[in-house]
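Take the chain as a whole before turning to single residues. Then follow its charged side chains.

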Amino acid sequence: MTVIRYRPFFDIDTELRTLQGEMNRLFGAINPLDDASFVPRAELSETQEHFQIRFELPGMSKEDLNVEVTPDSVRISGHRQEVTPADEALNHRSEFRYGAFERVIGLPAEVKHNETKATYENGILALTLPKRVAEDNAVHKVTF
């Protein structure tokens, strides 16, 4: 017979915190976008004529970026260079992330990928992707 300890004043708050910590540890172990890697944050917006994607890339130059657009996705990759402090500077803590990165964002609809416009200003890369217009008559009737 198993003995179960009776706890009339069950501390649900402590138990939930313990469970949350275990879940965070579990998902942190399998999350490819954890704190150890640099992945630029993105913002996708849409109008009637186009999609706009903005990427947050502070401290990077245009030369370190590679952007590829297909009719249904955008791929950005690059390398963030580590800045070496001067010899006399003591670096106690750094939360910056360096190294190679890659991000692919799927688009909700097809775009005219060869007409993409891009601007890069103050660490923000903005892409404007014109939507591909669907044909009015998707079905063509053959007459003879």
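Read along the sequence, the pattern is α-β-β-β-β-β-β-β. That makes one helix and seven strands in the chain. Both are DSSP runs, numbered from the N terminus: helices are H or I with at least four residues, strands are E with at least two. This is a predicted model, in which local features need pLDDT of at least 70 and side-chain atom pairs count only at pLDDT 80 or more, while totals for chains, interfaces and linings use all residues. Residues are numbered from 1 along each chain as its sequence is written, and side-chain values use heavy atoms, with hydrogens and water left out.

Start with the totals. Of the 144 residues in the chain, 19% are buried. Buried means under 20% relative accessible area, exposed means over 50%, and partly exposed lies in between (1.4 Å probe, protein chains only). The chain exposes about 12000 Å². Carbon and sulfur atoms supply 52% of that area. Accessible areas come from the Shrake-Rupley method with a 1.4 Å probe; for residues, only the protein chains shown count as cover. Now consider contacts, meaning heavy atoms within 4.5 Å. Among those with a separation of 6 or more, 55% join residues 24 or more positions apart.

Next comes the sheet. Three strands form an open sheet in the order E3-E4-E5, with antiparallel pairing. Two strands pair if DSSP finds at least two bridges between them. Strand E3 (65–70) and strand E5 (99–106) are the edges, each pairing on one side only. From one strand to the next, the twist averages 10 degrees. Axes here are lines fitted to C-alpha atoms, for helices over the stretch in contact, and angles run from 0 to 180 degrees between N-to-C directions. Strand E4 covers residues 73–80, and six bridges join E3 to it in antiparallel fashion.

Which residue in E4 stands opposite glutamate 68? It is arginine 75. Their side chains also meet in a salt bridge (3.3 Å, N to O). A salt bridge is a side-chain nitrogen of Lys or Arg within 4 Å of a carboxyl oxygen of Asp or Glu. By this rule the count comes to five. Arginine 75 meets glutamate 102 in another of these salt bridges, at 2.6 Å, N to O. This pair links distant parts of the chain: glutamate 102 is in strand E5, arginine 75 in strand E4, 27 residues apart. Arginine 75 is partly exposed at 24% relative accessibility. Glutamate 68 is partly exposed at 38%, and glutamate 102 is partly exposed at 46%.

Now move to lysine 131, in the segment after strand E7 (124–130). Is lysine 131 buried or exposed? It is buried, with a relative accessible area of 16%. The side chains of lysine 131 and glutamate 46 meet in a salt bridge (2.5 Å, N to O). Glutamate 46 lies in strand E1 (residues 41–46) and lysine 131 in the segment after E7, so the pair ties together parts that are 85 residues apart in sequence. Leaving aside neighbours within four places in sequence, lysine 131 is also in contact with other residues, including Thr47, Gln48, Phe51, Glu110 and Lys112.
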